[in-house]
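Hi,

Here's the structure I said I'd pass along. Have a look at it first, and my notes follow below.

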Amino acid sequence: MGLGGCIILIAVGAILAFATDWHMQGVNIHLVGVILMIVGLIGVTTFTGIYRRRRVVVPPPTTVVEENRHHRGDGYTDGYGV
């Protein structure tokens, strides 16, 4: 169940717990709403915990500076033999 499903459970639970006045024999609608809200909150905390572990931290890119060497035109590049 994703984050959206958990938020929907919390919303439906809040509607059942606080915004309804239905009475069914053998079922307490307000208690069902509270249970749905609790399950939704558990789902949100579990989802955020798993998402936090999956997140990959990418190190900032490093800058590479190439060293420019000055070459002489006589074939010697290291300075010996001159």
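Predicted model: local features only at pLDDT ≥ 70, side-chain atom pairs only at ≥ 80, totals over all residues.

Of its 82 residues, 13% count as buried.

On secondary structure, the protein has two helices and zero strands. As for contacts with a separation of 6 or more, 46% are between residues 24 or more positions apart.

Helix α1 covers residues 3–18, so to speak of its geometry: 16 residues, with 22 Å from the first C-alpha to the last, close to the 22 Å expected at 1.5 Å a residue. Its buried residues are Cys6, Leu9, Gly13, Leu16 and Ala17. Looking down the axis of α1, these fall within an arc of 95°, so they line one face of the helix. What sits on the face turned away from that buried side of α1? That face carries Ile8, Ile15 and Phe18, which are exposed.

Then there's the nonpolar surface patch, about 500 Å², made by Leu31, Val34, Ile35, Ile38, Val39 and Ile42. One of these residues, Leu31, is found in helix α2, which runs over residues 29–54. Is Leu31 buried, partly exposed or exposed? Its relative accessibility is 47%, so Leu31 counts as partly exposed, given that exposed means over 50% and buried means under 20%.

Cheers

Terms used. Residues numbered from 1 in each chain as written. Heavy atoms only, no water. Helix = DSSP H or I, 4+ residues; strand = E, 2+ residues; numbered from the N terminus. Buried < 20%, exposed > 50% of the residue type's maximum accessible area, 1.4 Å probe, protein only. Contact = heavy atoms within 4.5 Å. Patch = residues over 30% accessible without salt bridge, like charges linked within 9 Å, V, L, I, M, F, W, Y side chains within 5 Å. Areas by Shrake-Rupley, 256 points an atom, 1.4 Å probe, with all protein chains shown as cover. Salt bridge = Lys/Arg side-chain N within 4 Å of Asp/Glu carboxyl O. Expected span 1.5 Å × (residues − 1). Arc of directions from axis to C-beta.
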